[in-house]
Amino acid sequence: MDSAVVDQDQQYQEAADIHGSALERLAGGYERDPGLRRDLVQDIHVALWRSFAAFDGRCSVRTWTFRVAHNVATSHVLRRKRDRGKWLGIDEIADPPAPDNPEATTGDRRAMDRLLDLIRTLKPADRQVLMLYLEDLNAAEIGEITGLSPGAVSVRIHRLKALLTIRFHDGRPT
């Protein structure tokens, strides 16, 4: 077997082992439907494996993994956009419908579902920044993935957190 393919397989396996659960959470931030979310996760893993053929080490494996995952997830969302209504801006987010999942009866689960519903209404660029922030990436790392400056990332995160807090609490600041 070609050593380049072995390296690609090994790099992919290490990235999948380390970041696999984060990729699952990331997909959940982009897709609510469980079946489509599984498809999205699979698409992310395929793209990630393919991407390691071109990985040159100029950024960390973590940054590379999230960049690939967000590109795939954003493409998924944009493809599905034709089937849905228009995207909402930060200032247009309305309260999402209550979760219709019977398991979502506990307060923590309902709160998480509501927060994810709010996040899913964001434009893809804002959603990407917020999902990376929720995965504990710092502003510089998010900027490297998104192409934004660290300062712009920090400002965007601050504004998104404030907006989501207000929307989450039915318009009442915390």
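Trainee: In what order do the elements of the protein run from the N terminus on?

Mentor: They go α-α-α-α-α-α-α. Bear in mind that this is a predicted model.

Trainee: And what does the secondary structure come to?

Mentor: Seven helices and zero strands.

Trainee: OK, let's look at α6 and α7. At what angle do their axes cross?

Mentor: Roughly 105 degrees, and the axes of α6 (residues 139-146) and α7 (residues 150-168) come within 8 Å. Angles of 65 to 115 degrees count as roughly perpendicular, so that's what α6 and α7 are to each other.

Trainee: Which residues meet there?

Mentor: From α6 you've got Ala-139, Ala-140, Ile-142, Gly-143 and Thr-146, and they meet Pro-150, Val-153, Ser-154 and Ile-157 in α7. That contact divides into six nonpolar residues, three polar and no charged.

Trainee: Switching to the whole protein, how much of it is buried?

Mentor: Of the 174 residues, 38% are buried. As for surface, the protein exposes about 9800 Å², with carbon and sulfur atoms supplying 53% of that.

Trainee: Last one: what share of the contacts join residues at least 24 apart?

Mentor: It's 65%, counting contacts between residues at least 6 apart in sequence.

Conventions
Residues numbered from 1 in each chain as written. Predicted model: local features only at pLDDT ≥ 70, side-chain atom pairs only at ≥ 80, totals over all residues. Heavy atoms only, no water. Axes fitted to C-alpha atoms, helices over the stretch in contact; angles between N-to-C directions. Helix = DSSP H or I, 4+ residues; strand = E, 2+ residues; numbered from the N terminus. Parallel < 35°, antiparallel > 145°, perpendicular 65-115°, else oblique. Contact = heavy atoms within 4.5 Å. Nonpolar A, V, L, I, M, F, W, Y, C, P; charged D, E, K, R; others polar. Buried < 20%, exposed > 50% of the residue type's maximum accessible area, 1.4 Å probe, protein only. Areas by Shrake-Rupley, 256 points an atom, 1.4 Å probe, with all protein chains shown as cover.
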